[in-house]
Amino acid sequence: MSVSAGDISLFSYVYGPEPALRTVRTLGDDTVPGVAWTPPHIDEHPRLRPAGDASLTELSTTGVTATAAHRLIWTGHNGVPVLDEWRALTAQLTGDDSWVLLFENTLTNISGAPLTFAAVGGGLRWRGALSFTGDGPSEVRAEHNPPARVVLVGDEYNPPHPPLRSKGNGHTIAFRHAAAIAAGPHDTAALAALARNALTDP
């Protein structure tokens, strides 16, 4: 699937069977390099695999936003279900040359046993110079990589950094991150404010 603003494809996302965030672009139609959404990492099952139906559970749009959501079952190497993940991506137009990509996901333990998250919830990652993996306190990191500028913000209510222990079946943890993406030089604080507004909007 892809989300576009006019003639510009803002991002594309493959939601099954191997979910992956593909090309992300600015409103100036420039590629933002190296973006990915990494899978969950847990000590007890170091090599999780997606399994089952990955069909969309939501596909909606307003005048300035578009949202896609789906569920994933992650299994261990032996094929036993370990995690039930819900994830959603929302694109929100915030100006003539900026937009926000909101990432949300929940992880529910369905393994029948306690789990230890080595890197909380997987994470949003810009591979290379810029990354936000959700493994620290709420923070902002900015990188000016012409022709794009990106500011990443973690929700203040995200769980703390690892190690995080899931008590057992049915225990759910939730994460929210926002990336403000602009074409050309922009003030970091202003972009961070756009990302935080996306996190606080109902």
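**Strands, core and salt bridges**

A: Let's start at one pair: serine 2 sits opposite serine 12, which belongs to β2. Strands here are DSSP runs of E, at least two residues long, numbered from the N terminus. Keep in mind that this is a predicted model, where local features need pLDDT of at least 70 and side-chain atom pairs count only at pLDDT 80 or more, while totals for chains, interfaces and linings use all residues. Residues are numbered from 1 along each chain as its sequence is written, and side-chain values use heavy atoms, with hydrogens and water left out.

Q: In what order do the strands of the open sheet run?
A: Strands of a sheet pair through backbone hydrogen bonds, either parallel or antiparallel. Here four strands make an open sheet, ordered β1-β2-β3-β4, with antiparallel pairing. β1 and β4 (31-32) are at the edges with a single partner strand each, so one side of each lacks a neighbour in the sheet. Two strands count as paired if DSSP finds at least two bridges between them; β1 and β2 are joined by four.

Q: Which residues touch the most other members of the largest nonpolar core?
A: In soluble globular proteins, nonpolar side chains tend to be buried together. A nonpolar core means buried Ala, Val, Leu, Ile, Met, Phe, Trp, Tyr and Cys residues joined through side-chain atoms within 4.5 Å; buried is under 20% relative accessible area, exposed over 50%, and partly exposed in between (1.4 Å probe, protein chains only). The largest core has 23 residues, and Leu10, Phe11, Leu21, Val24, Leu89, Trp99 and Leu101 touch the most other members. β2 is the biggest contributor, giving four residues.

Q: How many salt bridges does the structure hold?
A: Side chains of opposite charge can pair when their charged atoms come close. The cut-off is a Lys or Arg side-chain nitrogen within 4 Å of a carboxyl oxygen of Asp or Glu, and the structure holds five such bridges. One of them joins aspartate 84 to arginine 71, with the closest N and O atoms 3.4 Å apart. That pair links strand β10 to strand β9 (residues 65-75), 13 residues apart. Aspartate 84 counts as buried at 17% relative accessibility, whereas arginine 71, at 36%, is partly exposed.

Q: Are arginine 176 and aspartate 155 buried or exposed?
A: Both are buried. Their side chains meet in a salt bridge at 2.9 Å, N to O, and Glu104 is linked with Asp155 and Arg176 in a network of salt bridges.
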